[in-house]
Amino acid sequence: MIIYFLPIFSPYGTGEGVNKLRQKEINDDKLYDYKIKMKATAVSRTAQYIAFFRAIETNQPTKKRLFDDELASEFLDIGLKLAVKITAMPVIGNIIINYIQKRGLGALSASIARTKYIDDLLKKAIDGGAKQVIILGAGFDTRAMRLPFLKDMPVIEIDHPNTSDYKLDIFKKSNIKSPSNISYLQIDFNKQGLSEFSFQRNINFSLPTVIIWEGVTSYLSSEAIDKSFEFFQKFASGSSIIFTYLHRLALDDSNAFKGVAQMKELLKSKEENWTFGFYPEQLPNYLQTYGLTLYEDNGAVEYRKMYMPERKNLLNGFEFHRIAFVGKK
Ligand SMILES: C[S@@+](CC[C@H](N)C(=O)[O-])C[C@H]1O[C@@H](n2cnc3c(N)ncnc32)[C@H](O)[C@@H]1O
């Protein structure tokens, strides 16, 4: 069984099956010449891996797991679904989890802990008065459906058309009814600024809003990042942004953190290259230029320790990954 499974999670391995099946030609793609863009004809593979990690966590014993993401496995191809099932088995499950953690260079535990950390920050923002949630680059995030405190809250998911269409397709095929408080909008951040987009789509800036931007900034151009912060600053005071980012040193020096060189190779093979990061020490000043304040900023080392200190086998890797919680006072 292990022998069957091993190639499935090879970072350099298959996994393109789903993409081939779901490929949608974007007819006007040739009209654009952008230096940085998401693979134009494919569903985000990184979004699928994150759903894979969440599905693994959901299959852990109730007392141990950090969250329940029952929908996560819906987004997986048959190989990854099988792998998730194996990770729930006694003994062999732990062997496979350790293998996935190692092959993914720490992405498994970093993604699981960050999911829980962001859930908690979101709750904090809503308890603090946020009345609207926007999830940028939503991928296969299912927070809008799985967190009870979002039940009556307007939630706007915004994503690249390839990934967003795939998500909605899965809902349709699996007979999953999305509640009416959730809306799904589509954009390519590298082709259109959020300000123009939000004007066209009537986004309500007068509500204190919490924006989640998880696993996205590292794939954007610096112009797209600046434009996004211009967009954030338009929201009412009391609004906040929870975003993940790459320690800039990982981009500038592949040897600064363990696993960076391999991760860059892996992403290159998936055509989802890292393009952007911040130096944490420069972040407060950058944010200040947009009238924003940094409330929290933690790296994977810290947030894994917060949520899974007892899982000693999963505490390493992805040290260059960080989460910031930012607000407009
Ligand atoms: C690593 S996934 C993260 C997904 C989700 N936030 C999560 O944490 O599960 C990156 C997401 O960013 C989206 N994305 C990447 N580049 C984009 C672009 N240029 N425009 C719009 N969305 C983009 C992808 O479609 C994908 O859903």
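1. Helix 3 passes helix 4 in a right-handed crossing, the term for a near helix turned clockwise from the far one by less than a right angle. Helices here are DSSP runs of H or I with at least four residues, and strands are E runs of at least two, numbered from the N terminus. The model is predicted: local features need pLDDT of at least 70, side-chain atom pairs count only at pLDDT 80 or more, and totals for chains, interfaces and linings use all residues. Residues are numbered from 1 along each chain as its sequence is written.

2. The axes of helix 3 (residues 45-58) and helix 4 (residues 78-87) lie 9 Å apart, at an angle of about 30°. Axes are lines fitted to C-alpha atoms over the stretch in contact, with angles from 0 to 180 degrees between N-to-C directions. The two helices are therefore roughly parallel, a class for angles under 35 degrees.

3. F52, A55 and I56 of helix 3 meet L80, V84 and T87 of helix 4. A contact requires C-beta atoms, placed from the backbone, within 7 Å.

4. A51 is in contact with A72, F75, L76 and F140, leaving aside neighbours within four places in sequence.

5. The protein has 14 helices and seven strands. Among contacts between residues at least 6 apart in sequence, 76% join residues at least 24 apart.

6. Of the 329 residues, 41% are buried, meaning that 20 or more other C-beta atoms, placed from the backbone, lie within 10 Å of the residue's own.

Technical notes
Contact = placed C-beta atoms within 7 Å. Parallel < 35°, antiparallel > 145°, perpendicular 65-115°, else oblique. Buried ≥ 20, exposed ≤ 12 C-beta atoms within 10 Å, placed from the backbone.
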